[in-house]
Every structure is written in structure tokens, then in C-alpha cells.
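This report covers a helix pair and some backbone features. Please look at the sequence and the structure first.

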Amino acid sequence: LPALQAYQLSLAAPPPPAGSFDPVAAARGQLLFAGKAQCASCHSGATFTDANARLHPPQDSMAEPETPSYAGRSATRQYRTAPLRGLWQHAPYFHDGSAATLEAVGQRYSDKRGLGLTAQEIADLAQYLKSL
């Protein structure tokens, strides 16, 4: 399985369509991603994932608690951090599809982690994610 994961992470994601995000807002969002929003603590490196280094307990998931637990059905009973390249083409978000937009993703993270992100910060973060 490690070879399969390495192969999957080596695949290049398609670039976002021209004009599909605001580059000025995305630049602000990139600063938030690495700072206040704390995204880079798990979505790290060139592949935007720490999946090769660690797994996360169910309480780290933005979709938990859920019944049945997605992590509970896995061999490790934990979550891996999804890579973010090409994220613009994968709505809805989270493994259970419970977030229809990237703004909804940002709001859920802000709420569950007590980040205090403003609506403008969430919008900027969403523009950055669309740029990946």
C-alpha cells in the first residue's frame, strides 16, 4: 500500500480554470492558510497532506461525530489528511460530502476549532483553496 499511496500523491492535479478564482483574495487566503486558519498544520508540503507522516483520531475530523464513524470503519480507526491540489473540482467537501462549498468548509473549521475567522477571511481562504 505505501507504493500505491506514493503513486497517488505523485499524480499532478489539473490547474484551476482561468478566471476561476480571485488572485488578490487568494494571496490573502494563502497567508491565512499558513497562519490564523492553521490549515498548514495538517495540509502541509507540496502535496498539502501529512498522510505520509501521521493519521488523525476521529475527534480531529470536521465531520465527527457521525454514525457510523467513517474512521471507525477503517483499519486504523483514524483519518488521513486529504491532499488539496485540484480541490476546486471535488465539491462537495469532506469525506461525507457535508460541505457544499469551500466557504462552508472554512466556516466549519473556524467554528469547530474556535479560530474566529471572519466572513472575509473565510472567503479569502476559499479563493486560495480554489487556486491549488
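## The helix crossing

In this predicted model, α3 (102-113) passes α4 (residues 119-131) in a right-handed crossing; the near helix is then turned clockwise from the far one by less than a right angle. Helices here are DSSP runs (H or I, at least four residues), numbered from the N terminus. The two axes come within 8 Å and cross at roughly 125°, with each axis a line fitted to C-alpha atoms over the stretch in contact and angles running from 0 to 180 degrees between N-to-C directions.

On the α3 side the contact (heavy atoms within 4.5 Å) has L102, E103, G106, Q107 and S110, which meet I122, A126, L129 and K130 of α4. These residues divide into 4 nonpolar, 3 polar and 2 charged. Ala, Val, Leu, Ile, Met, Phe, Trp, Tyr, Cys and Pro count as nonpolar, Asp, Glu, Lys and Arg as charged, and the others, Gly among them, as polar.

## Backbone features in the loop

Most residues other than glycine have a negative phi, and most peptide bonds are trans. F48, in the loop between α2 and α3, has a positive phi of about 55°. F48 is buried, with a relative accessible area of 9% (buried means under 20%, 1.4 Å probe, protein chains only).

R77 lies in the loop between α2 and α3, and its phi is near 60°. A cis peptide bond, with omega about -5°, joins A91 and P92.

## Basis

Residues are numbered from 1 along each chain as its sequence is written, and side-chain values use heavy atoms, without hydrogens and water. Local features need pLDDT of at least 70 and side-chain atom pairs count only at pLDDT 80 or more, while totals for chains, interfaces and linings use all residues.

How values were computed. Helices (H or I, at least four residues) and strands (E, at least two) are DSSP runs, numbered from the N terminus. Buried means under 20% relative accessible area, exposed over 50%, partly exposed in between (1.4 Å probe, protein chains only).
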